[in-house]
Amino acid sequence: MSDLTSTNITIFISFSLYLFICMQPQYTAIMTFVLIALMGLVLGSFSHTLAYRLAHAIPLFSRRSHCDDCDLPVGMIALIPVIGYLLLRGQSACCQKPIDKIYPITELASSCVFIAIAWHNPSWGTMLLLMVWWLGLLVMGLTDYWTLQLHDAIMYPWLVVSALICLLHGEWLFAILGALVLVAFVFGLSRFLETILKKPTMGEGDFYILFGLFLALRSASTLGVILIGSIIGILFGVVLKKKELPFVSLLALGSGILFLFRV
Ligand SMILES: [Zn+2]
């Protein structure tokens, strides 16, 4: 329920608010976090739209957002992240069909992850790169969930951002070697499982994502993300018997949770 117009309007309002508050120094820290939370909502909404259009082969800048059910253009209220969903009581204004909960969940999750990243990363460079990095992973997690596809237009720039985070952290040679070892290990494991299960377990794109994940997060956090992702996967597929979540969706969820609870 978002489009580029709403994104631009909200960014403009947020920055105006920020500039106003910056004139009163005692509120700067609080307002910086408010701005980051707003940016998380808006960019989370934008990422959802981007993923939806990529997954459904809709040109990115062709038109404003339309209702998923009746295809009429949605009103301005529906374009406001989270609040639009609440004001409409979870139903589209045009045809009163339930709006997919994944809209507000994506927006809220992005906002929370942004605040967590800002909280743990005092350096602006690392903080902004990690935010872009997580949004990229979110977009790929969503397209993987809807269509089991990753798009090069997102994956390659995301790998570049992973490499930049790696450079900022230092010890990049160690990180590259570690990433290669991990990819080689998981590749061997997936081929072994494929011969036993007689069905494909992982796609080529999954290995690129694993490589980028290790570059950006390093060993301990990567293992944490894989562990959290595996638990969510088992919970969804085995315990709740819901639609099985693909690998990159699990990594996006896992890294989001890791950012939230990192101490
Ligand atoms: Zn409708």
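This is a predicted model: local features need pLDDT of at least 70, side-chain atom pairs count only at pLDDT 80 or more; totals for chains, interfaces and linings use all residues.

Visitor: Which domains does the assignment give?
Guide: The domain assignment gives domain 1 (1–120) and domain 2 (123–263). Their centres, taken over C-alpha atoms, are separated by 24 Å.

Visitor: How many residues are in contact between them?
Guide: On the domain 1 side there are 17 residues, in contact with 16 residues of domain 2. The elements giving two or more residues to that side of domain 1 are α2 and α4. Of these, α4 gives the most, with ten residues. By type, the side of domain 1 that touches domain 2 has twelve nonpolar residues, five polar and no charged.

Visitor: OK, α4 then. At what angle do α4 and α5 cross?
Guide: The axes of α4 (residues 102–120) and α5 (residues 124–147) cross at roughly 155 degrees and come within 10 Å. An angle over 145 counts as roughly antiparallel, so that is how α4 and α5 run relative to each other. Their crossing is right-handed.

Visitor: Which residues make the contact?
Guide: From α4 they are T106, S110, V113, F114, I117 and A118, and from α5 they are M127, L130, M131, W134, L135 and L138. Ten of the residues in this contact are nonpolar, two are polar and none is charged.

Visitor: New topic: where is C67?
Guide: C67 is in the loop between α2 (28–55) and α3 (83–87).

Visitor: Why is C67 called partly exposed?
Guide: Because 18 other C-beta atoms lie within 10 Å of C67, and a residue counts as buried at 20 or more and exposed at 12 or fewer.

Visitor: And what does C67 touch?
Guide: Not counting residues up to four places away in sequence, C67 touches L72, V74, S92, C94 and C95.

How values were computed
Residues are numbered from 1 along each chain as its sequence is written. Axes are lines fitted to C-alpha atoms, for helices over the stretch in contact, and angles run from 0 to 180 degrees between N-to-C directions. Helices (H or I, at least four residues) and strands (E, at least two) are DSSP runs, numbered from the N terminus. Angles under 35 degrees count as roughly parallel, over 145 as roughly antiparallel, 65 to 115 as roughly perpendicular and the rest as oblique. A crossing is left-handed if the near helix is turned anticlockwise from the far one by less than a right angle, and right-handed if clockwise. Two residues are in contact if their C-beta atoms, placed from the backbone, lie within 7 Å. Ala, Val, Leu, Ile, Met, Phe, Trp, Tyr, Cys and Pro count as nonpolar, Asp, Glu, Lys and Arg as charged, and the others, Gly among them, as polar. Domain bounds come from an automatic or database domain assignment.
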